[in-house]
Amino acid sequence: EDQLFYSRRIGLYEGEIIPIIGGARLVGRARKWDMGFLDMQTASYDFFDSDTDSLIHLASANHGVFRARKQVFNPTSYAGGMITSRIDASGNYNINAAADLIFNPFRNDYITANYIHTFDNTLAETDQFFNQGKFYLNWLNRSNIGLTYEFSISRAGENFLPEMGFELLENYSRLHGSVGYGWVFNDEDKKMLNQQLFFWTWINKRNTDMVTDISETSLGYNFSMKNGFRANVDIFHNHEFLQEQFDIADDMYFPAGFYDFYRVQGGIGTTSSRPVVLNVKSRFGTYYDGWLTILGPVEVNFKFSPSFNLGLYYQYNIADVTVREQYFRSHLARLKTEFTFTTRLSLLMFFQYSSDDRFGINNIRFRYNPREGNDFYFVYNGDYNTHLTREVPELPLMNRNSFYIKYTYTFIWDK
């Protein structure tokens, strides 16, 4: 789930929205190479950090990404590289260079290997070179028929710092393995299309003392019917070491220490070809030293016509820690609508509300496609508060409003 480049890191810092001056993106193919380039410039920004009671100054910064990949060995194997860079006006820099390989030795087996190295002005010359990198090695069988398997190993050093990426954990070593068996039914008289039984586990250890801070093991089963109906059920065991207190709300926390907890989760879904599509998930079990129930997400999509879609999303979270008399409830709701007026004009609107944060967001995007390969986008983003008196001074109804205009042009450069 880690990513060397995560686009939302550009224009955001510790929850603050940083103004973007502008940028450009170029994606395409040059002979046998797949290539992508992006460059964005953010403005300088000052804000007050309430956690440290200090004024933070962020200098204007340039964010660059370059990606190249080429087919090697056979039609399903690739080798490539990637560079991300963040350089600000104060002379600070963070550069990450990566090389990666996807090799298909035979049939459905794929070997993935990559290495990433960090270059950062905050790292001293005495820092160990090995601790500035991350490597990942994976062997995967992609088939869903018969015996399937996957094994991987990875390590991220203490000074691996992908400022333009997304890392769930830092300074770790990780092992992962899974094995399963799948059946596919081609007989016309059978209603079932396929089914699969699988087992997997992953273990994450801290590099400082090789203590297992997170591990997860799962046994699961899923199936699909020929009419499009599908369902799954999974049993999980989690082991986790909290190095510090974990707060999930103002009135609910979990103390530091070792925990083992279990959960059962499952889901069902209907065929996507019908006018009404339903997907439902649910989870129940222990959570650290308490209990957690998640009803949802429940997703319903209505296809009123080829030009009008409406999507609804709802999730209800229930957490209880009886030993400390802590109780937590939250609702998360989303609404998404898509209008296609003509083949050239479309409108997408997205709204979300969280009762825990008492906060909502909306996104409205208008797209005009005058001809193939040319797109104009007009975008509005906004967020609002529903409990204005929870802070002093009173919060505004609308926090931020922003408008964007974007144009993309696709062309063939034929020498």
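Predicted model: local features only at pLDDT ≥ 70, side-chain atom pairs only at ≥ 80, totals over all residues.
Let me start with a rule: a charge sits over a ring if NZ of Lys or CZ of Arg is within 6 Å of the ring centre and within 35 degrees of the ring normal.

Arginines, then. The charged end of Arg334 is placed over the ring of Tyr313, 4.2 Å from the ring's centre. Arg324 lies over the face of Tyr253, and here the figure is 4.9 Å from the ring centre.

Now rings with rings. A pair of aromatic rings is described by the distance of the centres and the angle of the planes. How many aromatic pairs are there? The count is 27. Take one of them, Phe241 with Phe258. That pair is stacked, with 4.4 Å from centre to centre and 25° between the planes. Where do the two residues lie? Phe241 is in strand β16, residues 230–242, and Phe258 is in strand β19, residues 257–269. So the pair ties together parts 17 residues apart in sequence. Is Phe258 buried or exposed? Phe258 counts as exposed, because its relative accessibility is 53%.

There is also a ring cluster. Ring pairs link Phe246, Phe254, Tyr259, Phe261, Tyr287 and Tyr288.

Last stop, Ile412. Look in the segment after β27, which spans 398–409. Ile412 has 82% relative accessibility, so this residue counts as exposed. Now find Ile318. Ile412 and Ile318 are 94 residues apart along the chain. Their C-alpha atoms are separated by 54 Å.

Key: Residues numbered from 1 in each chain as written. Heavy atoms only, no water. Phe/Tyr/Trp six-rings, centres within 6.5 Å; stacked < 30°, edge-to-face > 60°. Helix = DSSP H or I, 4+ residues; strand = E, 2+ residues; numbered from the N terminus. Buried < 20%, exposed > 50% of the residue type's maximum accessible area, 1.4 Å probe, protein only.
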